[in-house]
Amino acid sequence: MDDFVFVSGRLSLDLAGTLLWRRSRRTELLRSPDDLRRWIHQAGLLDAPGLLDARALSRMCRLREAVYALVDAWPLTPPADSEVREALAEVNETARLPLPRLQLDENGRLTRTGGIDEVLGAVARDAVDLLGGTDFTRVRECLNEDCTRLFVDLSRSANRRWCGMTECGNRHKVANYRKRRQGTAR
C-alpha cells in the first residue's frame, strides 16, 4: 500500500510533508513506528527497514520539524530565535550520522541497508544540501491556502504552483470549474 506522496523534489521536504495542513486541521501521517517503516521503504531509503520503535519515530518527527522550521526561516537573519537555532543544531548534528549502505550484487541489483541512524543521516544531509545549495531559491509552498507542503519548483518556467496535481492542483481546477459553471448558469 503506497499511502505517502513524494512530490517535493527533495527527500527532506517529502519528510516535512508527512505532517499535513499545519495551519488548520493538522494531519499526522507518521502515527506509528509501522508508518515510519513504510515511509522509509516508499522513500527508497532502505529495502527492508527493520523493526522500529517509538524512539525512532520520535527522532524522525523531531528532524522533520527542524527541517520545516529551517526552510520556513531560511536564510537566517541575526539574531535567529532559539527555536530556529535549535533546529539548525538538530539538522547539523543529524547530518553527521552515517548514510545507508549501498551495494550491488553480481546481477546489478542494488541493495540499501541500515537502520534509523542511516535514514536520519540521509534526510538531514539532504536538508543541508538543499539549504546550502542553489535549489533553495526554488523552494515554494503549495498555493492551496490550506496546504503547507513545500516543494522545489524544477519546472522550466519556474511557475509551479501546487504540491501535486493529484491533490491540490486538481482541487483548485475543480473549484474554478464549478465557479465558472455557476457564473454561466445565472
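Start with the loop between strand 6, residues 150-152, and helix 6, residues 165-185: Ala158 lies there. This is a predicted model. Ala158 is not a glycine, yet its phi is positive, about 55°. Its relative accessibility is 31%, so Ala158 counts as partly exposed.

Trp21 is another non-glycine residue with a positive phi, in this case about 50°. Look for Trp21 in the loop between strand 1, residues 19-20, and strand 2, residues 27-28. Is Trp21 buried or exposed? At 11% relative accessibility it counts as buried, because the cut-off for buried is under 20%.

Next, the cis peptide bonds. In the loop between helix 3 and helix 4, the latter being residues 82-95, we find Pro75. The bond from Trp74 to Pro75 is cis, and omega is near -5°. Pro79 also has its place in the loop between helix 3 and helix 4. Pro78 and Pro79 are joined by a cis peptide bond with omega of about -10°.

Last, the helix packing. Two packed helices are described by the angle between their axes and the distance between those axes. For helix 3, residues 54-73, and helix 5, residues 116-132, the axes come within 11 Å and cross at roughly 0°. That makes helix 3 roughly parallel to helix 5, since angles under 35 degrees count as such.

Which residues of helix 3 meet helix 5? On the helix 3 side they are Ala56, Arg59, Met60, Leu63, Val67, Leu70 and Val71. Their partners in helix 5 are Ile116, Asp117, Val119, Leu120, Val123, Ala124, Ala127 and Leu131. By type, the residues of this contact divide into 13 nonpolar, two charged and no polar.

Conventions
Residues numbered from 1 in each chain as written. Predicted model: local features only at pLDDT ≥ 70, side-chain atom pairs only at ≥ 80, totals over all residues. Heavy atoms only, no water. Axes fitted to C-alpha atoms, helices over the stretch in contact; angles between N-to-C directions. Helix = DSSP H or I, 4+ residues; strand = E, 2+ residues; numbered from the N terminus. Parallel < 35°, antiparallel > 145°, perpendicular 65-115°, else oblique. Contact = heavy atoms within 4.5 Å. Nonpolar A, V, L, I, M, F, W, Y, C, P; charged D, E, K, R; others polar. Buried < 20%, exposed > 50% of the residue type's maximum accessible area, 1.4 Å probe, protein only.
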